Amino acid sequence: VSTQSTWEAVVSTQSTWEAVVSTQSTWEAVVSTQSTWEAVVSTQSTWGFKHLSAGDLLRAERNTGSEHAKLINDCIEQGNIVPVEITVSLILKAMAAADTNNFLIDGFPRNQDNVDGWDRETKKAAYFPEPEVLFVLFFDCPEDVMTERLLERGKTSGRKDDNAEAIVKRFRTYQSKTMPIINFFDEKGKVRKIQATGTVDEVYTAVSEVVKAAGFAEVSES
């Protein structure tokens with residue numbers, strides 16, 4: 001699914017989320033924890049989604065020498081958020097260059113500014129019609145389980161924020177910034193909750209049922 005060899009970071013008492021986007025006017029959101037990461041990989045290969053990581057796209061762009069590279073580098077080095085217009089433009093360009101209409105977008109949106117920026121930029125995007133939110137997959141996982149998973153990941157990830165103090169801060173940030181976005185979609189009846197403490201196979205089965213119910217068909221391996 002991504003250039004990362006480890007499972008996606010989780011940052012709340014619930015989970016973080018990925019967005020599954022379709023240029024044929026569907027946009028869903030998907031979240032990820034250790035036990036669901038392989039399930040997300042399987043979802044990509046079985047259902048034909050293209051995985052796009054907002055973080056990976058920004059890290060790749062910062063090394064290109066483009067007009068945005070210096071700004072992205074400065075933001076990352078100073079711990080600031082990259083302007084949402086840049087993040088969305090990178091996502092839309094990657095979508096336009098892909099050979100599919102269905103996408104798993106990881107690490108975006110994380111807050112209201114991300115949502116507002118997405119709505120604003122997609123309305124004027126020249127790549128394809130404005131996507132529409134179809135549903136949100138919400139992987140529910142207790143904070144103690146996610147803390148254990150993140151600390152285990154920290155043994156090999158090399159990430160400075162995979163430590164107990166930073167994890168607690170990320171949980172609190174998630175609750176204050178990202179949960180309101182999930183609640184917003186929940187009020188619209190678009191959230192599909194998945195229990196994320198089970199095995200990869202159990203989580204993937206639950207995800208598959210939601211994806212099938214949304215009208216997606218499995219991709220033939222032939």
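## Surface and burial

The accessible surface of the protein chain comes to about 10,800 Å². Carbon and sulfur atoms account for 49% of that surface. The structure is a predicted model. The protein chain has 222 residues, and buried residues make up 50% of them.

## Secondary structure and contacts along the chain

The protein chain contains 8 helices and 6 strands. Their order along the sequence is β-β-α-β-α-α-α-β-α-β-α-α-β-α.

## Helix H2 against helix H4

Helix H2 spans residues 54–61, and helix H4 spans residues 84–97. Their axes come within 10 Å and cross at roughly 100°. Angles of 65 to 115 degrees count as roughly perpendicular, and H2 and H4 are therefore roughly perpendicular to each other.

H2 contributes Ala 54, Leu 57, Leu 58 and Glu 61 to the contact. From H4 come Ile 86, Thr 87, Leu 90, Ile 91 and Ala 94. By class, the residues of this contact divide into 7 nonpolar, 1 polar and 1 charged.

## Aromatic pairs

A search of the whole structure finds 2 aromatic pairs. One joins Phe 108 and Trp 118, with ring centres 6.2 Å apart. The planes of these two rings stand at 55°, so the pair is tilted. Phe 108 lies in the loop between strand S4 (102–106) and helix H5 (112–123). Trp 118 sits in helix H5 itself, 10 residues from Phe 108. The pair links distant parts of the chain. Phe 108 has 3% relative accessibility, so this residue counts as buried. Trp 118 is also buried, with a relative accessible area of 2%.

The other pair is formed by Phe 184 and Phe 185. Here the ring centres are 5.3 Å apart. The planes meet at 70°, so the pair is edge-to-face. Are these two residues buried or partly exposed? Phe 184 is partly exposed, with a relative accessible area of 38%. Phe 185 is buried, at 3%.

Conventions: Residues are numbered from 1 along each chain as its sequence is written. This is a predicted model: local features need pLDDT of at least 70, side-chain atom pairs count only at pLDDT 80 or more; totals for chains, interfaces and linings use all residues. Side-chain values use heavy atoms; hydrogens and water are left out. Axes are lines fitted to C-alpha atoms, for helices over the stretch in contact, and angles run from 0 to 180 degrees between N-to-C directions. Helices (H or I, at least four residues) and strands (E, at least two) are DSSP runs, numbered from the N terminus. Angles under 35 degrees count as roughly parallel, over 145 as roughly antiparallel, 65 to 115 as roughly perpendicular and the rest as oblique. Contact means heavy atoms within 4.5 Å. Ala, Val, Leu, Ile, Met, Phe, Trp, Tyr, Cys and Pro count as nonpolar, Asp, Glu, Lys and Arg as charged, and the others, Gly among them, as polar. Rings of Phe, Tyr and Trp (its six-membered ring) pair if their centres lie within 6.5 Å; planes under 30 degrees apart count as stacked, over 60 as edge-to-face and the rest as tilted. Buried means under 20% relative accessible area, exposed over 50%, partly exposed in between (1.4 Å probe, protein chains only). Accessible areas come from the Shrake-Rupley method with a 1.4 Å probe; for residues, only the protein chains shown count as cover.
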